[in-house]
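Please read it beside the sequence and the coordinates.

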Amino acid sequence: MSDAVLLKTPLHALHLELGAKMVPFGGYDMPVQYPTGVMAEHRHTRAAAGLFDVSHMGQLRLVGAKAAAALETLVPVDVIDLGVFKQRYALFTNEQGGILDDLMICRRPDDLFVVVNAGCKVQDIAHLQAGIGGQCEVIPLPEQALLALQGPQAVTVLARLNPEVAKLTFMTGGFFELDGIPTFLTRSGYTGEDGFEISVHQDQAVALARKLLAHAEVKPIGLGARDSLRLEAGLCLYGHDIDTTTTPVEASLTWAIQKVRRPGGARAGGYPGAAVIEAQLAGGAARKRVGLVSSERMPVREGAKLVDASGAEVGVVTSGTLGPTVNKPVALAYLASSHAAQGTEVFALVRDKRTPMTVSPTPFTPNGYFRG
Amino acid sequence: MSIKYTPDHEWVQIEADGSVTVGITVHAQDALGDVVFVDLPEVGKSYAAKDVAGVVESVKAAADVYMPVSGEITEVNEALRDDPSLANSDPLKAGWFFKVKLANSAELDGLMDGTAYDELVKNS
């Protein structure tokens, strides 16, 4: 990857103008932070509104009368019953029940609008083409940029450009003109805060970003704070907290599998790895993704081994840092199910030290989602 | 009193009594971002040059702090332990890490002067 030419989003020049420090991410040259730094950006998003460029992510449309039914053959999620302009979290699974990627699906009147991870988008599009390309059209949208406006004042700012957006609730979307710029946006995000993800044509992405940044509440936020915000919100990062070796049950994502797709449901199974996942739904998995909080100051990061009081290895950390809002080290980790109950104390091995961590509920900070 | 630098982006201030004070450079704290945690060595412990003597961590990453010269740790900055952001706000003064009693003062000759260090940063 390091030798490959990095791709640029439509906002690349704006990031440089704003003084961003750029890093390679998902094949793109992306802003990791702006001059104020990760901590200030994180706090600003929790207090006001942060603007994120997430144009590296994959956007696509599935078009055709059978699109929802077809997509259900690739995800353990209820897509058929998803109402118009309703959005839902989903997972592409493999035959072993592992996770190929996580994604967002929104039903629109004429298609399903799908957002996938940057690092997975090429394989996801190939997976969709191969799996359901005969039943619906799979149309990538590389001409669309994606902006996220996140934080408690996101709605205040966006409503100045179009008051109608304030009527949306969490995980719903719609087509809106923002000060004359046509967009499709959803009230969702990756920070745990109220906010919006805005799909806009690349030719108007900079103009929209500048309109948003013109409001005193809005500051640009880089990938560094995006990571600490999503971690405090208890949200998984693909390739770290979930991957092809983790199942939705192990990943504590069973809430994403609606009843209708579970054993006994009207459309149970019928997706890759259903046998493995159904067995785990019934009998549990040997390990489970949990949240961990430390009472000490030392951050515990990805890869740290977890042991019990006797020193026996019981798990591993998959994401971790000092949470800027909770002001404590927080982590996501896989633990043996015997040690995964809330309140269980384990120890993380960091360098030559053992630091105590307690299995804790996620999110680590209260969500700010607007449910109406 | 003069200041030397290491390729690991640490500064080494030579004190009047011949001991040295060690910290991280402006460039180092800038590259790390907001420092949220430091792990400091034990007072009284001796290390060889290039040994890992501590750790400095930001929200983004952890980095080792190396012993710039061989010697014994005589003092660590407890204020930095309590407020790691001193490494960002005042890296060359209030944000110092530890003091060392030199085992071999000739090792100081192997460190860079300010001009050489500026050159290193410029080319990094």
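Helices (H or I, at least four residues) and strands (E, at least two) are DSSP runs, numbered from the N terminus. This is a predicted model, in which local features need pLDDT of at least 70, side-chain atom pairs count only at pLDDT 80 or more, and totals for chains, interfaces and linings use all residues. Residues are numbered from 1 along each chain as its sequence is written, while chains are lettered from A and ligands numbered from 1 in the order in which they are written.

**Overall form of chain A**

- Chain A has eight helices and 19 strands.
- Along the principal axes, the C-alpha atoms of chain A fill a box of roughly 65 × 50 × 45 Å.
- Of the 372 residues of chain A, 50% are buried (20 or more other C-beta atoms within 10 Å of the residue's own, with C-beta atoms placed from the backbone).

**Helices α2 and α7 of chain A**

- The axes of α2(A) (residues 38-47) and α7(A) (residues 223-232) come within 8 Å and cross at roughly 55°; axes are lines fitted to C-alpha atoms, for helices over the stretch in contact, and angles run from 0 to 180 degrees between N-to-C directions.
- In contact (C-beta atoms, placed from the backbone, within 7 Å) are V38(A), E41(A), H42(A) and T45(A) of α2(A) with G224(A), A225(A), S228(A) and L229(A) of α7(A).

**Contact with chain B**

- On chain A, 14 residues are in contact with 10 residues of chain B.
- The elements of chain A that give two or more residues to this side are α2, α7 and β16 (313-323).

**Backbone exceptions**

- Most residues other than glycine have a negative phi, and most peptide bonds are trans.
- The peptide bond from T362(A) to P363(A) is cis, with omega near 0°, and P363(A) lies in the segment after β19 (353-360) of chain A.
- S252(A), not a glycine, has a positive phi of about 55°; S252(A) sits in the loop between α7 and α8 (274-283) of chain A and is buried, with 22 other C-beta atoms within 10 Å.
- H9(B) also has a positive phi, near 65°; H9(B) is in the loop between β1 (2-5) and β2 (10-14) of chain B and is buried, with 22 other C-beta atoms within 10 Å.

Terms used: Two residues are in contact if their C-beta atoms, placed from the backbone, lie within 7 Å. A residue is buried if 20 or more other C-beta atoms lie within 10 Å of its own, exposed if 12 or fewer, and partly exposed in between; C-beta atoms are placed from the backbone.
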